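Have it open while you read, as I hop about a bit.

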Amino acid sequence: MVFSRTAMVDTFDYAFAEDGSDGFNSFKDLEILVNHVSKPIAPNITESFQDVPGRYGGVFLGNSYGEKEIDIPITIMASSRDEYNRKMNNLSKALINTTDDADTQYPLRFNDQPDVVYYGHFTAIPTPTFINEGVQDCTTTLTFMLADPRGFLPQRDLKITSNEQVIIPAGNTPVQPVIHIIPKTDLYYFGYTLGDQYVAVGYHVDDGSTVTDANGHITSLEPHQELQVHDPCNSMSTWFQAGQDTQEVKIYRGENDGKATATATALMVAKDSKGHYNWGTVGKHKDFYGPVIIHQGIPKISNYWKISMRFHHVKRMKNMRAMGKVEGYLLDSNGNVCGRMGITDYATGRYPRGYIQLGSSFNATKDKGNYLTLLYNEGGRKNNGPTEHVKVQLTKTVKVKTTSKSKAKAKSARMYQATIQREAFKLAAKKKTTSKKKKKSTKKKVTKKKSGGKKKSTKASKPTVKTKSKTIKTYVTEISYMNKDAYSNFFGEFSLERQKKTIGGKVYDNWVAEINEYNPKTGVAYSINTANTVHIHTEKLDKSGKFGFALANVAACFMKHDIKEDLVKPAVGYYSDFETLTDLKIYTSDGSDDPDDIPHVIAHAGEEIIIDSADNTVTVAGRNVDKYVSWLSTFPSIEGDVSQEMHFTPDPVNADITLEYKPAIK
């Protein structure tokens, strides 16, 4: 087969290495002809639109961009059935990969545009259609899907020589750069900014070290925060269940019942002998109920502290009616509740809320002014579902009336008696008319002669009426709001820190609250750049002094709330919420609100620093230093074909800085 220049242009390469070697060429290796490929302009676009009652039109909420689909029509030429079978076999071997990881994306490039590489996977390899009867030549269309719809150009390295340097990256869409920094001096802090986004590395949580300055003076450093407790929550050995014989915790809108347990990865409500969650006694409680657990205690009670608790909350009932809550409670040295954090469902499928609050009780009407709300929201991701009416089957016993078996006979006798009386009345009326004499009417009892015995009266007796119980099935109609938000299926960390802030010579409490969503498969926090994930940060300065306390211990609860399905008889089975606590960390702190006010060497001169904005990781000489990365670091992308400035620390004059990236096209 002649391999012409034209044939080279109308081919594609697939599954090759990063350096371009290996892989398959459609013409040389797969022996297929690629017909005209029309590359799509844009990926699949889904419009978000909200109908508004009473409004002409609606509200446009933006577009969501999904996968990009490339259809590749091919022709397979074969002179015999054996050649056809061989080519089919080679094609399936190359394009169907069952040994690699399920999420593997393979590179593909078309040789009419050899610098652009697409990463994706084949989703359709249809059965070929023969061109003519009696020949083996056939055609089909391969479907290649791009989860990331961008096409990537070869890697570029850009040398940064000045903080006033203007860069115009190649490509026409944002990409994530990798920054390489080799400092000429020891660094206590480093990073870069791009507009109002940045990466800042220098958060000091070290457990104590020393720094030697240029004059040889040694300074012993003390940490601002020290980790006291790290409980992976995979055993009840560091917890006990609250109760009358141990310690009670005042749960807001909740009663202690049921039983808790530990699994290999989490603390949660236990199951009974039938495999059902043991929340407690159904129908006994007017509000939430379930097990309450208390930690065994922390080594040091501290006025200033930071705590983080990782919760999993999943609404498993399709119509969203199930009600549950998972919460952590912050306790002082007397066991009093001084704050809470967690997720709670609302009745009939209304949006669950996530919250972090200070105080002991949190009723918006009765306790107004006695608690401080730091966070209370639906997570910024809501889906308004339809309102549905749910029929809940109710089996109940009612009283019904029944009559004796003689009812039919009595009715027949009464009808017979009425007929005889009617005929007697007619006969009497006729005699009166003809004789014109007034005669005294006589009422005769109608009797019926029984064969072989005495005459017996046929006067009917009143039938006997009885009552008895009867079981019937009926339905109770309930409302269900099919609403979902970020907390309907959420795995993430709630954290709260008490800092001290001095203003005008007076010391106040500065509260820092955060909710961050984690990947349940990897146990790692999602990047702040990952779409549709929760990353909420807030700070509040409290000058009232009402809510500050020394953290002494924590408690947690897993609870449900009865709904109509629980209260009907017999109860209707449904899926209650899945609720767990998977991690607990407690730090003691000196109260500093500036974690970098004490210098600490993070990178020494000559060590290579790599800031990978694609993976959101930072390493120094191969050591992971993510613990020093500021929580607010956004790892910004650079925009292709747009003029922009990046400012670096250290200054490029005192370091070798290289920006590495792969340009991309839409």
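1. Glu31 sits in the loop between β2 and β3 (33–34); strands (E, at least two residues) and helices (H or I, at least four) are DSSP runs numbered from the N terminus. Glu31 is not a glycine, yet its phi is positive, about 60 degrees. It is partly exposed because its relative accessibility is 22% (buried is under 20% relative accessible area, exposed over 50%, partly exposed in between; 1.4 Å probe, protein chains only).

2. Before going further: this is a predicted model, where local features need pLDDT of at least 70 and side-chain atom pairs 80 or more, while totals for chains, interfaces and linings use all residues. Residues are numbered from 1 along each chain as its sequence is written, and side-chain values use heavy atoms, leaving out hydrogens and water.

3. Ala15 also has a positive phi of about 60 degrees without being a glycine. Its loop runs between β1 (12–14) and β2 (24–25), and at 26% relative accessible area Ala15 is partly exposed.

4. Two prolines follow cis peptide bonds. The Lys569 to Pro570 bond has omega near -10 degrees, and Pro570 is in the loop between α4 (564–567) and β42. The bond joining Thr649 and Pro650 is cis too, with omega about 10 degrees; Pro650 falls between β47 (647–649) and β48 (655–661), in a loop. For context, most residues other than glycine have a negative phi, and most peptide bonds are trans.

5. Is Ser613 buried or exposed? With a relative accessible area of 2%, Ser613 is buried. This serine is in the loop between β43 (609–612) and β44 (617–620). Its side chain makes a polar contact with that of Tyr192 at 2.9 Å (N or O atoms within 3.5 Å; within protein, one must be able to donate a hydrogen and the other to accept it, and residues adjacent in sequence count only if both atoms are side-chain atoms). Leaving aside neighbours within four places in sequence, Ser613 is in contact with Gln176, Pro177, Tyr192, Phe635 and Pro636 (heavy atoms within 4.5 Å).

6. On the overall picture, the protein has four helices and 49 strands. Of its 666 residues, 43% count as buried. Among contacts with a separation of 6 or more, 73% are between residues 24 or more positions apart.
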